[in-house]
Amino acid sequence: MSARTLPLLFLNLGGEMLYILDQRLRAQSIPGEKARKDEWTDVDRKRVMNDIISTMFNRKFMEELFKPQDLYSKKALRTVYDRLAHASIMRLNQASMDKLYDLMTMAFKYQVLLCPRPRDILLVTFNHLDNIKDFISDSPAILNQVDETFRRLIETYNCLSDGEFQLIRQTLLIFFQDMHIRVSIFLKDKVQNSNGRFVLPISGPVPWGTEVPGLIRIFNHKGVEVKRTEFTTAGNYVTPQREGSFELYGDRVLKLGTNMYSVTRPVETHMSGSSKNPASQAKENIAPNPLAKEELNFLARLLGGLDIQKPAGGETGFRLNLFTTDEEEEHAAQTRPEELSYKVINIEATQEPGRRAELSRILGELEVVEPRPGSAEKGEDLLALMDGL
């Protein structure tokens with residue numbers, strides 16, 4: 001596995017998360033003069049996006065993220081996104097957080113599968129960051145944070161060989177290989193089958209630097225071409241006009257990683273009945289994790305750098321529903337098997353060795369934390385994840 005995969009995975013999944021949250025916040029926002037105390041306004045939406053993006057691109061956080069390291073489990077990464085999604089006044093209950101994470105992971109998995117060449121994964125990342133900058137165009141300080149990460153990406157990845165990018169792509173595909181969740185947008189566009197597996201096109205532009213298939217050249221032992229043979233291909237291939245820009249500013253050419261929710265349409269996802277067997281998934285969730293200590297240390301390092309903005313004074317958190325109605329969200333929460341639910345733990349990111357050992361034991365046991373009494377008025381079902389960091 002590649003030790004350079006984690007930053008690309010985190011930034012691309014984070015970009016998809018921001019696309020979804022922005023779409024849902026816009027859909028649920030009410031004009032400021034008409035909004036009740038418990039309803040979203042456009043001012044609230046901008047504040048949430050600014051808070052989450054500022055937290056996501058925190059300098060210390062990025063420094064830890066870019067250190068060469070192996071990928072950790074889906075459970076560990078999911079914990080990071082739970083923490084990130086609650087970095088502002090917005091609150092999601094577990095059903096909505098599950099749905100959000102499903103949409104994030106399936107969108108990026110599809111983008112990785114469609115990349116014409118492994119190096120283009122970096123262009124997908126740049127597309128995500130370009131669109132994130134549009135969300136915070138009126139916040140120069142946060143824009144500077146994103147640009148700093150942009151430069152770090154260029155410095156770290158532009159010098160890597162094609163073989164190293166191939167290893168990064170393989171690492172990402174291994175991470176996603178057992179995830180087959182049906183998403184309505186993909187089903188409607190007929191790019192996903194009813195079993196949750198993607199349908200890959202056999203036509204379109206070929207990777208930059210390659211030729212359209214259909215010609216076989218035969219060379220002799222001196223390297224001189226002696227014969228040509230043409231053959232018919234099943235697809236309709238075209239040569240790309242130019243390569244996407246790998247600089248801070250420029251035309252990426254590749255459209256993968258852009259905001260597919262910019263066109264108004266419902267954001268829905270359905271669990272695939274033919275995806276991973278529930279019993280085996282439950283077994284995976286409750287089985288002891290042999291890397292528990294390493295994962296916890298990883299989370300402590302990453303999350304210790306996150307400076308979360310707590311609501312000031314008696315300000316309450318706004319609840320965001322990723323389902324069409326509250327009834328759908330409640331039904332999803334009730335019908336999700338208990339053994340499949342993500343366990344919730346409290347972690348204090350400290351450098352004390354004794355505390356680290358205790359935290360490792362906690363992660364291995366995965367004790368469930370009950371919601372705090374007296375939850376906020378607008379979010380009684382708040383996800384009580386990693387409180388106190």
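Start by selecting Glu-243, which at 34% relative accessibility counts as partly exposed, where buried means under 20% relative accessible area, exposed over 50% and partly exposed in between (1.4 Å probe, protein chains only). Before going on, some housekeeping: this is a predicted model, in which local features need pLDDT of at least 70 and side-chain atom pairs count only at pLDDT 80 or more, while totals for chains, interfaces and linings use all residues. Residues are numbered from 1 along each chain as its sequence is written, and side-chain values use heavy atoms, with hydrogens and water left out.

Helices here are DSSP runs of H or I with at least four residues, strands are runs of E with at least two, and both are numbered from the N terminus. A salt bridge means a side-chain nitrogen of Lys or Arg within 4 Å of a carboxyl oxygen of Asp or Glu. Arg-117 is buried, with a relative accessible area of 16%.

Next, pick Arg-252 and Asp-130. They form a salt bridge whose closest N and O atoms are 2.9 Å apart. Arg-252 is in the loop between strand 6 and strand 7 while Asp-130 is in helix 6, so the pair ties together parts that are 122 residues apart in sequence. Arg-252 is buried, at a relative accessible area of 3%.

Then jump to Asp-98 and Arg-78, whose side chains meet in a salt bridge (3.0 Å, N to O). This one links distant parts of the chain, with Asp-98 in helix 5 and Arg-78 in helix 4 (residues 74–85), 20 residues apart. Are these two partners buried or exposed? Asp-98 counts as buried at 5% relative accessibility, and Arg-78 counts as buried at 2%.

For a network, select Asp-22, Arg-26, Asp-42, Arg-45 and Lys-46, which are linked by salt bridges. In total, the structure holds 20 salt bridges.

## Into the pocket

Select Leu-114, Pro-116, Pro-205, Val-206 and Leu-254: of the 28 residues lining the second largest pocket, these lie nearest its centre. Helix 5 (94–114), helix 6 (120–135), strand 3 (204–205) and strand 6 (237–238) are the elements that give two or more residues to the lining of this pocket. About 620 Å³ of space lies in the second largest pocket.

On a 1 Å grid over the protein atoms alone, a pocket is an open set of points with protein on both sides within 12 Å along at least five of seven lines, a cavity is a set of points where a 1.4 Å probe fits but cannot get out, and lining residues have an atom within 4 Å of a point. Grid points are joined across faces, edges and corners, and a volume is the space filled by probe spheres set on the points.

Colour the pocket lining by class and you get 18 nonpolar, 5 polar and 5 charged residues.

To see its lining, select Phe-57, Asn-58, Arg-59, Met-62, Gln-145, Glu-148, Thr-149 and Arg-152. Helix 3 (59–65) and helix 7 (140–157) are the elements giving two or more residues to that lining, and helix 7 gives the most, with 4 residues.

## Two backbone stops

Go to Val-253, which has a positive phi of about 65° although it is not a glycine. Val-253 is in the loop between strand 6 and strand 7. Last, find Lys-190, where phi is near 60°, again a positive value in a residue other than glycine. Lys-190 is in the loop between helix 9 (184–188) and strand 3, and is exposed, with a relative accessible area of 69%.

Notes:
Nonpolar A, V, L, I, M, F, W, Y, C, P; charged D, E, K, R; others polar.
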